[in-house]
Protein chains: 2
Amino acid sequence: MERLSIDITKCMSGLDEGTALTPNMLEQFAPQLEKARRAVLDAAGTGMLGWMDLPAQDPGPYLDFAAECADKYECLLIIGIGGSALGTTALATALLPFYYNELSPGERKGRPRLYVLDNVDPDETVALLGRLDLSRTLVNVISKSGTTGESMAGYLVLREQLRTLVGQAALNEHFVFTTDPVGGALRKIGAAMGAPMFDLPPDVGGRFSVLSAVGLLPAALTGMDVRGLLAGAQDMADWIAETKGWENPACKFAGVQFLEDTALGRCVSVMMPYSARLRDVADWYRQLWAESLGKEVDRQGRTVNVGPLPVKSLGVTDQHSQLQLYAEGPDDKVITFLGVGEFDKTVTIPTPGPEAEALAYLGGHTLGGLLWAEQKGTAWALAKRGRPSLTITLPRVEAYSVGALLYLLEMATAIAGGLYDVDAFDQPGVELSKQATYALMGRPGYEALASEIG
Amino acid sequence: MERLSIDITKCMSGLDEGTALTPNMLEQFAPQLEKARRAVLDAAGTGMLGWMDLPAQDPGPYLDFAAECADKYECLLIIGIGGSALGTTALATALLPFYYNELSPGERKGRPRLYVLDNVDPDETVALLGRLDLSRTLVNVISKSGTTGESMAGYLVLREQLRTLVGQAALNEHFVFTTDPVGGALRKIGAAMGAPMFDLPPDVGGRFSVLSAVGLLPAALTGMDVRGLLAGAQDMADWIAETKGWENPACKFAGVQFLEDTALGRCVSVMMPYSARLRDVADWYRQLWAESLGKEVDRQGRTVNVGPLPVKSLGVTDQHSQLQLYAEGPDDKVITFLGVGEFDKTVTIPTPGPEAEALAYLGGHTLGGLLWAEQKGTAWALAKRGRPSLTITLPRVEAYSVGALLYLLEMATAIAGGLYDVDAFDQPGVELSKQATYALMGRPGYEALASEIG
């Protein structure tokens, strides 16, 4: 299979000295970059690096479970938040047909519609419940600890509805849990219910879990090419393991982003797919990059308050929303264009009539050609103003290339963690907000905090 | 009707001196703020301030057209991009039922499903065409000039498909155009076709056009409360006209954002709704704020390269994606929480069984109560770390409050333009990218540029 490519040449054309990366900068930085890559590879099998083992796993259990479920369910509801939802959403947008939930059962080949509940808005939740044929719904609750308040609230609501409808004894036909293999509240709940359970390995954090049961079980249930995803990820893993420094795709992405931020002051990392299918990959990346690198202290415990800001954008649409700022505003952004070599469909733009001469130049081109011209033209125009961009091009949007892309970005994040010298696998900054929520919800033990918040 | 509220107190509690707004700073800034407000109000009726007249307009023509269309169409397709699409999307998410397109015709009260084509991805476009019952589809093409390449490409594709299906003579039953009242390519096309047309006033820019035919015609066709939207906007306009300085809601928003950026170095403006209905208001705001304030030169022609970065976020979901960075990363962000006083639906969280004691604290609370606790807890936790936020609370999400919110943000943008001393109503920075696209598409007259791009 053809591999994706990364082009960083448009990071090397600033307007003034000190505004672009230079060959010399890259060369001087190469040893540090290689050291960061080496450190991640050498640490495989330790700490929170379990996601590095995922490409080589056997997807048989997911596929077997999906085969057992064939034609059994009209709806699949994922209850999860953050890393338990963003990966599935990214995969669904990239690999399921557009408007999937509006297709007929035949068009879906008997596979269930897919809903992701990743919020606790009551109006949205009621509307969602109204969409589900509950008697033919499978609910996949995903939480490592089983204590994620938002997801567990959703679980409790669904459990009650289902219990009323099908009875306690049949609940295990409607739930499947993805959680810690041993401990945690959800494991206990699943055991009590006698429901099927899949493991979220303890050494895989939520935002690195898309290639575990978290992402692959919903993928298998909706008929995505799970083996293709893993094969693409494995090929990327091999490529990263075999290639040093700036020739390495993960190093290239991480190194450029790091230097743009720390050496050139560009702290905003915009991910801008020129493909509707890849739009939610940008949202998944947003969590991966922000939560991994946004840290108060470095690995020596020094206060650093670092972290580039990942921004989700969409070509060509956001040219009519954000490009003005990218082109003329503060020079603090680096854009990553996500391009596609070949689309599935070809749509030729018809030639306009004489009443629309101004549009004659469009006639005979394809929509894909227009999209390509917009992407290339925008990258060129930004470079002309000294605004840097890099371009990742997927040959096609399919399971193999998407698996490769996701793994590339995971590895780049781990390497960037080394460059920033932060722990890329924790998230201590969300704890205070969780405790405040407990306090405001009247959880026993949080009375003092409740009165402090007032 | 109860008005929305804006609370800025959590911008006034920094960890160290110089990291928070102080009463003294606000007081010293009040004259400049009042001057900026006055300048906008005094300029009403001039330049590109036509959007200030929109709340008082008669929505009769939109409602009449919608009445004529009743039961006639199964699908409404909007073809537009940027300001021609984001407003409609924001209104639809806020005011139509969730999963609107999945509802039966009866549940939709005979009103059409709504699709917005705001990109040129060929795969997405083909999928969209597959969803439309073209013989019962009304296409609303929106472009001020009629030369927006992406929208016009979409128009040409749809025109060809419809011509094949219904014939040239019946095209005017399937198209309605929203464009410049006199000139431009789309006006000519509409006249040649004999299709109905609505005006996009010349003194209303795309990103300020949501309360013109651009947003209100789709709103009327899908049965939203158009009069309510305008009444809410008019009430906000009155409030802004009557109230000075820091008591003024638009001044409060614009002033805080400006001071946070220019006095305290917080250049990122995060809009974070705690309501699924308001999620796309944040996307609409993203264009409004970025394109209006992201400018290379000020009104004296000096190079300034200013512009805060608007970021769309979503509570509670993005607490599990972005909060880590907001809490621990660089202190360069100000969060605007968009809260809701009362939801339509009440969902009570059932009490968990003995197998899930850790979740007992959730039982008996409502989802709305949980959402409120998350929002309040997060604002408190951020403040505790010296990270500022402001909170806009809508009594309920309904046409009146949404109209008020949109108008508030438009006025705040105009006032902020004065504070930054930039032209908030142009977008010169996108021109070069457009020309590059023309060149790459082989448009006559752009040969030299094409060879420069290579």
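Q: Which residue in β12(A) is the bridge partner of Asp7(A)?
A: Thr391(A) is the partner. This is a predicted model, where local features need pLDDT of at least 70, side-chain atom pairs count only at pLDDT 80 or more, and totals for chains, interfaces and linings use all residues. Residues are numbered from 1 along each chain as its sequence is written, with chains lettered from A and ligands numbered from 1 in the order in which they are written.

Q: How do β1(A) and β12(A) pair?
A: They pair in the antiparallel sense, over 3 bridges. Strands pair if DSSP finds at least two bridges between them. Strands here are DSSP runs (E, at least two residues), and helices are runs of H or I with at least four, numbered from the N terminus.

Q: What is the strand order in the sheet of 5 strands?
A: The order is β1-β12-β11-β7-β10 in chain A. The sheet is open, with mixed pairing.

Q: Which strands are at the edges?
A: β1 (5-7) and β10 (309-312) of chain A. Each pairs on one side only.

Q: Which strands does helix α9 of chain A touch?
A: Helix α9 (residues 249-262) touches β1, β7, β11 and β12 of chain A. Its direction makes about 25° with that of β1(A). Angles run from 0 to 180 degrees between N-to-C directions, and axes are lines fitted to C-alpha atoms, for helices over the stretch in contact.

Q: New topic. How many residues of chain A are in contact with chain B?
A: 103 residues of chain A are in contact with 103 residues of chain B. Contact means that C-beta atoms, placed from the backbone, lie within 7 Å.

Q: Which helix gives the most to chain A's side?
A: Helix α12 (residues 367-384) of chain A, with 12 residues.

Q: How does α12(A) pack with α14 of chain B?
A: The angle is about 135°, and the axes are 8 Å apart. The two helices are therefore oblique to each other. Under 35 degrees counts as roughly parallel, over 145 as roughly antiparallel, 65 to 115 as roughly perpendicular, and the rest as oblique.

Q: Which residues of α14(B) make that contact?
A: Leu432(B), Ser433(B), Ala436(B), Thr437(B) and Leu440(B). Among those from α12(A) are Trp380(A) and Lys384(A).

Q: Last one. Is strand β2 of chain A mostly covered or uncovered?
A: Mostly covered: 4 of its 5 residues are buried. Buried means 20 or more other C-beta atoms within 10 Å of a residue's own; 12 or fewer is exposed, in between is partly exposed, and C-beta atoms are placed from the backbone.

How values were computed
Two residues are in contact if their C-beta atoms, placed from the backbone, lie within 7 Å.
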